Amino acid sequence: MSKPRATITAVGHYVPDKVLSNHDLAKIVDTNDEWIRTRTGISERRILEHGATSDLGAGAMKALLKNRGVSADTVDLIVVATVTPDMFFPSTACLIQEKVQAKHAWGFDVSAACSGFLFALITAAQFIENGSYKRIVVVGADKMSAITDYTDRNTCILFGDAGAAVMLEPGDDPHAGILDHILRCDGSGEKTLHMLGGGSLNPATRDTVDQKMHYIYQDGKSVFKVAVVGMADVSAEIIERNHLTGKDVDWLVPHQANLRIIDATADRMGLDKSKVMININKYGNTTAATIPMCLSEWWQSGQLRKGQTIVLAAFGAGYTWGSVLVRWTVENAA
Ligand code: COA
C-alpha cells in the first residue's frame, strides 16, 4: 500500500482590528508614507492591542475549524510556528490547545522566524505521511509589535501582527497535496537579524532592557541581498527539479517581507506578476503568518482553486529559507 500524501484540507486566518498606517508611524518616527511604500510596498499593518500570540493563533484555528466544519476535539496535533511565543514555556501550542479546547491534541512550537510556517508545515506533514495522525493543524502566528522598537524607523515600519492556519489530512492522490520541499539553514546569518536579549545568552536584566536587546535588530541592507538570492534560488530550483516552468505554476505564495524581494523572486521564476499573491500592503511582515494568510485570503476570495499548482517560498532569520510545491486540495470556497 502506498503511503498517504499530506494534503491541505482547510485554511483560516485572524487579524486584529487596529490599523497602524504609514501616516500614523510618520507621527512617531522620522519617516513618511512615500518612503515606506516605495522601499517596502507596505501601506498599513495590524496591531493586537490586548492579548498575545496564542490569541492570534486561536482565532485563526477557530476560523479554520469552522471552514472545515469539524470540532476542535478531532484534532490530533497542533504545530505552531512563531518567534513571539506568549512566554518561553509552556509552548504557544499548549496555550492554543487550551483556548480552542482541542482536548485530544498534543502540540509543540517551531522556531524558524519568517520561514517558520514552511518548517512547521513540512514537520507536520511527516506525521501524516508516516500514518501517525489523521488531522493536524499548522499555525503561523506572530505578535511582532511585542518585539518591535517604535522609536527605530529602520524596523518599526516593517512588521505587523496576525495569525493563520492550515489543516493537514491524508490524501490518496499521489499528484495532489504537498509534493516536494526544499528547506535550508545558514547560521552565519545570525549577526544581521536577531533579538539578543531575554534568552540564555543574555538573560533579561535592567541593562539588557536599557540597551533595547528585547527588540528586533536587523541590518536591512545585508538581509535584503541574501533574501533576494535565497528565496529566488529555491523557488526556481523546486520547479526545475519537478520538470515544471513558470507557465505551470498558478500561484507563487511568497513570504511578505518586502515587495522588491517578492518581485525579484517572481522574475527569477519567469512568473507574471498577476500570479503572485501579495498582501504586504495591508499587513506588513507578520513573520510566520504571511504565507498561510495569503492562502486563506486567496481561497476565501475564490481565486485559489482546487487543482492549482502553487509554490510557497520564504526567507528569514537564521538564516532560514525554503520552498514547497503544492497541488491545492481545499474544496473551493462557496
Ligand atoms: N523612513 C525614511 N528613511 C529611512 C527609513 C524610514 N522608515 N528607514 C531607513 N531610512 C533611511 C536610512 O537611514 C538611510 O539613510 P542614509 O542613506 O542617510 O543613511 C536610507 O533611508 C536608506 O536606508 P537603507 O537601510 O539602505 O534602505 P533600504 O533600501 O535597504 O530599505 C529595508 C530598508 C529594511 C526596507 C530593506 O533593506 C529590507 O527590506 N531588508 C530586508 C528585510 C527582510 O527581507 N527581512 C527578512 C526576513 S524578516
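Analyst: The largest nonpolar core has 39 residues, and those that touch the most other members are Leu-168, Leu-295, Leu-312 and Trp-328. A nonpolar core here is a set of buried Ala, Val, Leu, Ile, Met, Phe, Trp, Tyr and Cys residues joined through side-chain atoms within 4.5 Å, where buried means under 20% relative accessible area, exposed over 50% and partly exposed in between, with a 1.4 Å probe and protein chains only. The model is predicted, so local features need pLDDT of at least 70 and side-chain atom pairs count only at pLDDT 80 or more, whereas totals for chains, interfaces and linings use all residues. Residues are numbered from 1 along each chain as its sequence is written, and side-chain values use heavy atoms, with hydrogens and water left out.

Nine residues of this core come from helix H5 (residues 116–129), which gives the most to it; helices are DSSP runs of H or I with at least four residues, strands are runs of E with at least two, and both are numbered from the N terminus. Because domain 1 (5–171) and domain 2 (177–327) both contribute residues, the core lies between them, the domain bounds coming from an automatic or database domain assignment.

Leaving aside neighbours within four places in sequence, Leu-168 is in contact (heavy atoms within 4.5 Å) with residues including Leu-121, Ala-124, Ala-125 and Ile-128, and also with Thr-7, Ile-8 and Ile-178. A second, separate core of 38 residues has Leu-25, Val-29, Ile-147 and Tyr-319 among its members.
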